[in-house]
Every structure is written in structure tokens, then in C-alpha cells.
Amino acid sequence: MLHCCGSWRWAHRMATHRPYPDPGALLAAADEASYDLSQGDLTEALAAERSAELAHGASYAALLALDAAHAEYERKFGHAFVICLDGHPPEERADQLLGAIRRRMGHEVDEERSISADELRRLAQARLRDLTRRLTSPDGLTATEIGLFAPVG
């Protein structure tokens, strides 16, 4: 769970409420836990994040621009730049990422912290969806076998 959100409180809450009846219940619980993060929990979760990166094959100019933007963002806000790009096609992610970091640099600290909290919530959702997909693949353990969901029937 800490891979999905770096807050120990969030991860503990998600783990202790297992098993979930289905993926929808898991995602709903994740949202609820995300909205209940204290400022300290949010700081802990943000500290566990790494700034979003461009995919392999991005242009050198884009990589340099992003590195400079990350450094400035982290200097101003004190944590990594987090954004959920789930749902954006890979070919649009570089533009989305660079545009978002430029827009968000204009925010005040409290406004950006609120946006970062929402992006963390969205990232946790995307990571949980990916985790359940991988766990229910024919190659691995099922989510039921590891106790994520309640057995059916």
C-alpha cells in the first residue's frame, strides 16, 4: 500500500480494512483515506514521491526544461512535483507534464499543496487500479489470494 501512497496512516488504514468486496470498494476506501490525511500525513506522502518524469525517448531539450522546472518547483514548494497523467495517451504526456508544472509554479503554497493532495489521491487510485490488474493477471497471485478482496461465493 505504501507504493500507492507514501503515508503510513493511509497505508495502515487501507490494509486494516481488508478485505474489500470488489475493486470499486477498494477505490472508494482509498479516496476516503486520502481525504482524511492530516497535514503531517500529506507531508509524509509528498516526501515519499519522486517528481514526475518524461518517458524514454523524450527530446533532450524537453528533459533539460523539465529538470530546471523540477528544481525550481521543489525550491519553491519544498516537495516533488506530483501529477497523475493516467488517461493521457503517451504521446501527450510530455506536453501535459511541462504545461502543468509551468501553470502550477504560479500558485501560492497553500493552493499548490491542495492541488498536490488531489494529485496524490488520483495517483493512489491509478496505482491501485494497476496493482489489481497485475494481481488478477493469469501470471500472478489473485487479489483474493493475498487478501485484498473478500472471496466470492
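Student: Hi! What should I know about the model before we start?
Tutor: It is a predicted model, where local features need pLDDT of at least 70, side-chain atom pairs count only at pLDDT 80 or more, and totals for chains, interfaces and linings use all residues. Residues are numbered from 1 along each chain as its sequence is written, and side-chain values use heavy atoms, with hydrogens and water left out.

Student: Great. How many salt bridges does the structure hold?
Tutor: There are 13 salt bridges. The term stands for a side-chain nitrogen of Lys or Arg within 4 Å of a carboxyl oxygen of Asp or Glu.

Student: Which residue meets E32 in a salt bridge?
Tutor: That is R13, at 2.8 Å from N to O. The pair links distant parts of the chain, 19 residues apart, with E32 in helix α2 (residues 23-35) and R13 in helix α1 (residues 8-16). Helices here are DSSP runs of H or I with at least four residues, numbered from the N terminus.

Student: What network are R13 and E32 linked in?
Tutor: A network of salt bridges that joins R13, E32 and D36.

Student: And what does D118 pair with?
Tutor: D118 forms a salt bridge with R121, with the closest N and O atoms 3.0 Å apart. Both sit in helix α6 (residues 109-135), and because they are 3 residues apart, about one helical turn separates them. D118 is partly exposed at 30%, whereas R121 is buried at 14%.

Student: How far apart are the closest N and O atoms of R50 and E53?
Tutor: They are 3.9 Å apart, in a salt bridge. R50 is exposed at 64%, and E53 is exposed at 56%.

Student: Switching topic: how many aromatic pairs are there?
Tutor: The count is 2. Rings of Phe, Tyr and Trp (its six-membered ring) pair if their centres lie within 6.5 Å; planes under 30 degrees apart are stacked, over 60 edge-to-face, and the rest tilted.

Student: Why is the pair of Y73 and F77 called tilted?
Tutor: Their ring planes are at 50 degrees, so the pair is tilted, and the centres are 4.7 Å apart. Y73 and F81 have centres 5.1 Å apart and planes at 80 degrees, so that pair is edge-to-face.

Student: Where do Y73 and F77 lie?
Tutor: Both lie in helix α4 (residues 60-77), 4 residues apart, about one turn of the helix. Y73 and F77 are both buried, and F81 is buried at 0%. Y73, F77 and F81 form one aromatic cluster.

Key. Helices (H or I, at least four residues) and strands (E, at least two) are DSSP runs, numbered from the N terminus. Buried means under 20% relative accessible area, exposed over 50%, partly exposed in between (1.4 Å probe, protein chains only).
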